[in-house]
Amino acid sequence: MKFFISIVLIALLGYAAPLYFPWWSFAVTSFVVLVLIRQTPGKSFLAGFTGLFLLWGINAFWLDLNNNHLLAQKVAVILPLGGSAMLLIFITAFMGGLVSGFAGLTASYMVKK
């Protein structure tokens, strides 16, 4: 249950924090959530990764859908992605998930049980 609550809190705070603070504030919120809800290092990384991966993936897909895939396709052509907007969305979500996952891992190692 702590794992699921962590994922939901990370996603909610990861969405709200960058509205008022710099874009990287989601990592700080992931860190704080996983300091307060202590878990093993593996579960902390997975909770941080999953929360932000889902948040950024859904958000990027929604924005891409609303502009008829125009911007994502143009950026995917510039990058070596073969023009695949979905691959760009996946990479975006994966990078956000990694940053959040490592913030959670750091929190887990900082606060030993």
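Predicted model: local features only at pLDDT ≥ 70, side-chain atom pairs only at ≥ 80, totals over all residues.
**The largest pocket**

The largest pocket holds about 420 Å³ of space. Its lining comprises 19 residues, of which Trp56, Asn59, Ala60, Leu63 and Thr92 are the closest to the centre. By class, the lining divides into 14 nonpolar, 4 polar and 1 charged residues. Four helices each supply at least two residues of this lining: H1 (2–20), H3 (41–66), H4 (70–78) and H5 (85–110). The largest share, 6 residues, comes from H3.

**Helix H3**

H3 has 26 residues, and the distance from its first C-alpha to its last is 37 Å, close to the 38 Å expected at 1.5 Å a residue. Its buried residues are Ser44, Ala47, Gly48, Phe49, Gly51, Leu52, Leu55, Gly57, Ala60 and Asp64. The elements that cover these buried residues include H1, H2 (25–36), H4 and H5.

Just after H3, Asn68 adopts a positive phi of about 55°. Asn67 lies in the loop between H3 and H4. The C-alpha atoms of Asn67 and Ile89 are separated by 14 Å, and the two residues are 22 places apart along the chain.

In soluble globular proteins, nonpolar side chains tend to be buried together. The largest nonpolar core of this model has 10 residues: Ile7, Ile10, Phe26, Val33, Leu34, Ile37, Ala47, Leu52, Leu55 and Ala107. H1, H2 and H3 each supply at least two residues of this core. A second, separate core has 5 residues, among them Ala72, Ala76, Ala85 and Leu88.

Within the largest core, Ile37 is in contact with Lys2, Ile5, Ser6 and Leu9, leaving aside neighbours within four places in sequence.

**Two residues by accessibility**

| Residue | Relative accessible area | Class |
|---|---|---|
| Asn67 | 29% | partly exposed |
| Ser108 | 6% | buried |

Ser108 is found in helix H5. Ser108 counts as buried because its relative accessibility of 6% falls under the 20% cut-off. Asn67, at 29%, is partly exposed because its value lies between the 20% limit for buried and the 50% limit for exposed.

Key
Residues numbered from 1 in each chain as written. Heavy atoms only, no water. 1 Å grid on protein atoms, 1.4 Å probe; cavity = no way out; pocket = protein on both sides within 12 Å on 5 of 7 lines; lining within 4 Å. Points joined across faces, edges and corners; volume = space filled by probe spheres on them. Nonpolar A, V, L, I, M, F, W, Y, C, P; charged D, E, K, R; others polar. Expected span 1.5 Å × (residues − 1). Buried < 20%, exposed > 50% of the residue type's maximum accessible area, 1.4 Å probe, protein only. Contact = heavy atoms within 4.5 Å. Core = buried A, V, L, I, M, F, W, Y, C linked by side-chain atoms within 4.5 Å.
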